Amino acid sequence: MANKIVLLPGDGIGAEVIYAAKDVLEAISKKFGKEFEFSSHDIGGIAIDNHGTPLPDETVEACKKADAVLLGAVGGPKWDNNPSDLRPERGLLGIRKALDLYANLRPVKGFDKLLHASPLRPDIINGSDLLIVRELTGGLYFGRPSERQDNGNAVVDTLTYTRKEIERIVDKAFQSAQLRKKHLTSVDKANVLESSKLWREIVEEKKAQYPDVTVEHVLVDAAAMKLITNPTQFDVIVTENMFGDILSDEASVLTGSLGMLPSASLAEDGVGLYEPAHGSAPDIAGKGIANPIAMILSAAMMLRYSFQMNEEAQTIEDAVEQVLNQNYHTADLYNKNGELVNTNEMTQLIVETIE
Ligand code: IPM
Ligand code: MN
């Protein structure tokens with residue numbers, strides 16, 4: 001039976017990179033005799049233009065019926081001045097909530113051949129390999145009230161978590177650590193925030209269930225510093241929604257480019273959504289020069305997590321590494337010893353390597 005994949009290209013470079021991932025999946029389909037069935041739906045700015053809402057019902061329904069969802073990116077200057085419920089980002093937050101995608105896994109792994117692309121010293125980033133487990137459906141992003149008050153002269157955003165919401169993401173992080181180097185860093189702001197105090201208590205309670213995993217607590221400000229001064233000390237990092245958003249962009253510097261960072265957003269059971277950690281990059285949209293690797297590696301994560309196709313996922317990851325080892329670079333990774341390629345050329349190189 002065919003695996004049903006919903007494509008949500010979205011805006012800006014989202015649409016450019018998602019079709020790169022589709023090409024790669026088609027190469028995998030041929031090589032391994034797997035059947036993938038694709039359908040595309042609107043989300044974000046393009047959905048506002050076509051349907052008057054950033055998240056049409058038919059998009060949500062299609063995702064619910066799918067076996068997995070691939071998402072490009074949302075947003076762009078065209079919609080920046082819209083009222084908040086008509087912003088493209090609302091579509092992304094809405095689909096995360098509608099599918100209950102509470103666990104966002106963002107692996108950050110440096111490639112040997114990309115050490116030059118990072119502004120950090122090679123001796124600092126060499127060997128860094130970590131996984132950020134970001135809570136994705138709670139915290140400041142979803143707490144209510146979130147509004148202007150006092151005729152616009154005051155404002156409130158709300159950070160809420162329930163015990164159950166924290167427990168499930170902490171469990172996911174412990175389980176992820178068990179499959180890796182068995183070290184978990186829980187990042188919080190327990191010296192100030194009540195939500196962080198409960199978070200820390202729950203991590204402490206859970207330790208007994210995972211005796212093979214070592215645990216440390218690090219305050220978010222210190223974690224931000226350690227991430228770029230001594231990144232190899234980390235294995236799995238678990239943290240709440242907003243901290244995870246910020247730290248994952250920061251961590252992308254270890255890989256040389258935000259264009260390298262894939263992610264998986266998972267529900268307790270149900271469909272998974274896979275998207276690059278980068279945004280729609282309006283500054284380079286339409287030029288065909290975006291790095292498709294974050295999206296392609298997100299498709300590999302889909303094969304692994306949603307379809308249990310480990311060999312197929314590994315084949316994609318190996319192909320990406322091989323092409324980078326041959327010194328092909330998109331503009332974001334480029335140095336003068338490499339060969340500059342555009343989105344399409346990078347994709348075809350990866351496809352040919354798979355074939
Ligand atoms: C991300 C993005 C989103 C987020 C935006 C586009 C709403 O930055 O996936 O990291 O903040 O979660
Ligand atoms: Mn982000």
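Author: Before you dig in: buried means under 20% relative accessible area, exposed means over 50%, and partly exposed is in between (1.4 Å probe, protein chains only). You're looking at a predicted model, where local features need pLDDT of at least 70 and side-chain atom pairs count only at pLDDT 80 or more, while totals for chains, interfaces and linings use all residues. Residues are numbered from 1 along each chain as its sequence is written, chains are lettered from A and ligands numbered from 1 in the order in which they are written, and side-chain values use heavy atoms, leaving out hydrogens and water.

Reader: Which residues does the cis peptide bond join?

Author: Check strand β6 (residues 143–149), where you'll find the proline, P145. Omega is about 5° for the bond, and the pair is R144 and P145.

Reader: What does UniProt say about domains, and how far apart are the end C-alpha atoms of that span?

Author: The UniProt record, an unreviewed entry, lists residues 4–350 as "domain: Isopropylmalate dehydrogenase-like". UniProt positions follow the numbering used here, feature names are shortened, and annotations may be inferred rather than shown by experiment. The span is 40% helix and 20% strand, and its end C-alpha atoms are separated by 23 Å.

Reader: D245 is in the "binding site" annotation; which residues does it touch?

Author: That UniProt annotation, again from an unreviewed entry, covers D221, D245 and D249. D245 belongs to helix α9 (residues 241–252), and its 25% relative accessibility is why it counts as partly exposed. Taking contact as heavy atoms within 4.5 Å, and leaving aside residues up to four places away in sequence, D245 touches R106, R134 and Y141.

Reader: Now helix packing. How are α10 and α11 oriented, parallel or antiparallel?

Author: Axes are lines fitted to C-alpha atoms, for helices over the stretch in contact, and angles run from 0 to 180 degrees between N-to-C directions. Angles under 35 degrees count as roughly parallel, over 145 as roughly antiparallel, 65 to 115 as roughly perpendicular and the rest as oblique. Helix α10 (residues 293–305) packs on α11 at about 160°, with 7 Å between the axes. So the two helices are roughly antiparallel.

Reader: Which hand does that crossing have, left or right?

Author: A crossing is left-handed if the near helix is turned anticlockwise from the far one by less than a right angle, and right-handed if clockwise. By that rule, α10 and α11 cross in a way that is left-handed.

Reader: How does α11 sit against α12, and how many charged residues are in their contact?

Author: The axes of helix α11 (residues 310–325) and helix α12 (residues 343–354) come within 9 Å and cross at roughly 120°, which means α11 is oblique to α12. On the α11 side, T315, I316, A319, V320, Q322, V323 and L324 take part, meeting M346, L349, I350, T353 and I354 of α12. Nonpolar covers Ala, Val, Leu, Ile, Met, Phe, Trp, Tyr, Cys and Pro, charged covers Asp, Glu, Lys and Arg, and the others, Gly among them, are polar. The contact has nine nonpolar and three polar residues, while the charged count is no residues at all.

Reader: What about α1 and α12: how many charged residues there?

Author: Helix α1 (residues 13–32) packs on α12 at about 15° with axes 9 Å apart, and that angle is why α1 is roughly parallel to α12. Residues of α1 in the contact include E16, D23 and K31, and those of α12 include T343 and V351. By class, there are seven nonpolar and three polar residues, and the charged ones number three.

Reader: Last one: how many Å separate Q175 and P292?

Author: Q175 is in helix α6 (residues 163–178), and its relative accessible area of 38% is why it counts as partly exposed. In sequence, Q175 and P292 are 117 residues apart; in space, C-alpha to C-alpha, they are separated by 29 Å.

Terms used. Helices (H or I, at least four residues) and strands (E, at least two) are DSSP runs, numbered from the N terminus.
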